[in-house]
Amino acid sequence: MTDLIIPGTQSVPDVLGDWQAGILAMNGDSYPENAFSLFDQIIKWVEKYLAADSRALSLELRLIYLNTSSVRAMMDIFDLLETAAAGGRRVAVNWYFDSANERVGELAAEFKEDYTFPFHILPVD
Amino acid sequence: MGTMDATDLYRLRDSFSREGILLCFNGPISRSIIEEIGEALKNYLKAERTQPSAAMDIFGAYIEMSQNIRHYTTRQNYDDRDASAIVVVGREPDGAYRVSAGNLVEIADGMALVERIRQLALLDKAALKAAYKEQLRAPRPASSPCGAGLGLLDIARKARTPLSATLIQVAEGRAFFSLCAVI
Amino acid sequence: MIEQPSSFDDRIESLLRDAQYLDHPLRKALAQLWAQDRERLERLERISLIADGYHRIAIDGAKSINQRYNQHLRRLEKAVRISDGYQQMMRELCAKLEAAAHTDQLTGLANRRLAFKRLGEEAKRTNRHHQPLALALLDIDHFKRVNDRFGHYTGDEVLVSFAQAIRNGLREYDLCARWGGEEFLILLPNTAAAAAVAVLHRLQEHIRALPLAPKGQTLSMTASIGIAMYRAGEDISDTISRADDALIAAKRRGRDCCVSA
């Protein structure tokens, strides 16, 4: 029942896993040299949440630049969601991006291609 | 330090200007150096009013190249001297950005890299995307045995021209590998 | 209690006029400040009138200095916002015009003008960094027959499909431009001879496999290609010349093939 709070830095995004609200929010750039140590906590939190009960989980993403290690790690998180969705769980991803930077939208769209759960890509002015 | 005096420094600066070099680092490459130079690069791109998507591509190429070197030298357990690298970001007269990096490698790894880059150069957009997705799903330890799988593909997809790679033997079993991308 | 704006002006004026304060140490400073303030307002008004000449506003003498400041400041802010909007529009328009000037109307590919521009840039890059640069001229085989058989309108449609196929059959790095009626120029930056040949052979296969069916009749098309490698320091037109000679050789060799200069 614990929240996950990771304060962002230049290379690490702000992460907030709100257990009560069923929301995992991530904002900012992600290019840590060792993505494993950052994302391991996030993945474990998501696994614990999905195993705990049957409430919905929504990812509210405002991620910008992701290095390839972060891309891999995000894929791992989305894979968890896909498995949960296959089991009937309510999951969703909402990825907001600055409409001036279409590259982020393209990255999100490439992720979306491989998943069937609700994945919304939303440009923001 | 060598015997470089003010004239030499002036000539060096002049040659950097002619080459269009904006940022250059030479030495043991640490996580903080990568971030600091990254910040300087971000600021430069912002001051030049670069399109956000182009700026992200250029920054991404720089990060992937530098972090690839870090991962490799860590895996190889190189000491500070051998873990030394050179990273250069420059600007072409036509406005394109050139991101280059060079570091010491085991000869076999270097040759594998050069060959991989030669093959990547032939791929069209769709093939590069497919290769990227395949690499994304590849099991972790097996992927990028020679040190540059997904990162390399990422740079290749963003580059304006095929990536350039060179390999120069410098010692027994060791070579200097350099990679250059025009974004 | 908030003072009425115009009575503030009056109060300052009367203080300055007041004989008892003539020698007051602060009087001179206040007088200078007051004069400076009025001068600034006049400058602001001049700028505001220049910036927004379309909307003449009446300078209401009864308004206080502060009110007039605010009025002009608001005008200027509005003018700046509109100007920003126009500048953005102009930038977008310029970009569109530039794109139009560089595009072949029929096929949507780059036109000769853009081709020359890119050729120049890549040649310079080659000379600076000693990187290989490959150039190819591609000509559709027997295209005249298509026009004769189906008419020029359909001929154009086939050409458009062809152009798309060439674009799709090349790499993202390669420039493909419409060079002539049924001739195309292909630029392969930082590509050595062997790689260029590999890419262009693959392109020819792609063209052979093109499912063209103008007016319901299946049509198989091929192309002849002449390749030349740019030589450091040379004039681009010489490279193009060599590619052209190679193209002629390819035609003579029976078409549907690739010849390197």
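A residue is called buried here if 20 or more other C-beta atoms lie within 10 Å of its own. By that count, buried residues make up 37% of the 183 residues in chain B. The structure shown is a predicted model, and the legends below take it view by view.

**View 1**
Along the principal axes, a box of roughly 50 × 45 × 30 Å holds the C-alpha atoms of chain B. Take the contacts in chain B between residues at least 6 apart in sequence: 65% of them join residues at least 24 apart.

**View 2. Helix α3 of chain B is mostly covered.**
Of the 24 residues in α3(B), 17 are buried. The end C-alpha atoms of α3(B) are 34 Å apart, which agrees with the 34 Å that 24 residues should span at 1.5 Å a residue. Follow the chain just past α3(B) and you come to Asn77(B), which takes a positive phi of about 60°.

**View 3. Chain B meets chain A through 17 residues of its own and 15 of chain A.**
On the chain B side, the elements that give two or more residues are α2 (31–47), α3 (52–75) and α6 (150–158). Which of the elements gives the most to this side of chain B? It is α3(B), with 10 residues. Sorted by class, the side of chain B that touches chain A has six nonpolar, four polar and seven charged residues. There are two pairs of chains in contact, and chains A and B share the most contacts.

**View 4. Chain A has three helices and six strands.**
Reading from the N terminus, the elements of chain A run β-β-β-α-β-α-β-α-β. Chain A has a radius of gyration of 14 Å, close to the 14 Å that the globule rule gives for 125 residues, so chain A is as compact as a globular protein of that length. The box filled by the C-alpha atoms of chain A is roughly 40 × 25 × 25 Å, taken along the principal axes. Buried residues account for 34% of the 125 residues in chain A. Among contacts in chain A with a separation of 6 or more, 64% come from residues 24 or more positions apart.

**View 5. Helices α1 and α2 of chain A come within 10 Å of each other, axis to axis.**
The axes of α1(A), residues 35–52, and α2(A), residues 68–86, cross at roughly 10°. Angles under 35 degrees count as roughly parallel, and α1(A) and α2(A) are therefore roughly parallel to each other. From α1(A), the residues to look for are Ala35(A), Phe39(A), Ile42(A), Ile43(A), Val46(A), Glu47(A) and Leu50(A). They meet Ser69(A), Ser70(A), Ala73(A), Asp76(A), Ile77(A), Leu80(A) and Ala84(A) in α2(A). By class, this contact of α1(A) with α2(A) has 10 nonpolar, two polar and two charged residues.

**View 6. Chain B also touches chain C, while chain A and chain C do not touch.**
Here 12 residues of chain B and 14 residues of chain C take part. The side of chain B that touches chain C has five nonpolar, two polar and five charged residues. As for chain A and chain C, their nearest C-alpha atoms are 13 Å apart.

**View 7. Helix α2 of chain C covers residues 25–51.**
From its first C-alpha to its last, α2(C) reaches 40 Å, close to the 39 Å expected at 1.5 Å a residue. Is this helix largely in the open or largely buried? Of the 27 residues of α2(C), the number buried is one, so α2(C) lies largely in the open.

**View 8. Helices α5 and α6 of chain C pack at an angle of about 140°.**
The axes of α5(C), residues 143–150, and α6(C), residues 152–169, are 7 Å apart. The angle makes α5(C) oblique to α6(C). On the α5(C) side, the contact is made by Val146(C), Asn147(C) and Phe150(C). On the α6(C) side, look for His152(C), Thr154(C), Gly155(C) and Val158(C). The residues of this contact of α5(C) with α6(C) divide into three nonpolar, four polar and no charged.

Technical notes:
Residues numbered from 1 in each chain as written. Chains lettered and ligands numbered in written order. Predicted model: local features only at pLDDT ≥ 70, side-chain atom pairs only at ≥ 80, totals over all residues. Contact = placed C-beta atoms within 7 Å. Helix = DSSP H or I, 4+ residues; strand = E, 2+ residues; numbered from the N terminus. Nonpolar A, V, L, I, M, F, W, Y, C, P; charged D, E, K, R; others polar. Axes fitted to C-alpha atoms, helices over the stretch in contact; angles between N-to-C directions. Parallel < 35°, antiparallel > 145°, perpendicular 65-115°, else oblique. Buried ≥ 20, exposed ≤ 12 C-beta atoms within 10 Å, placed from the backbone. Expected span 1.5 Å × (residues − 1). Rg over C-alpha atoms; globule rule 2.2 N^0.38 Å.
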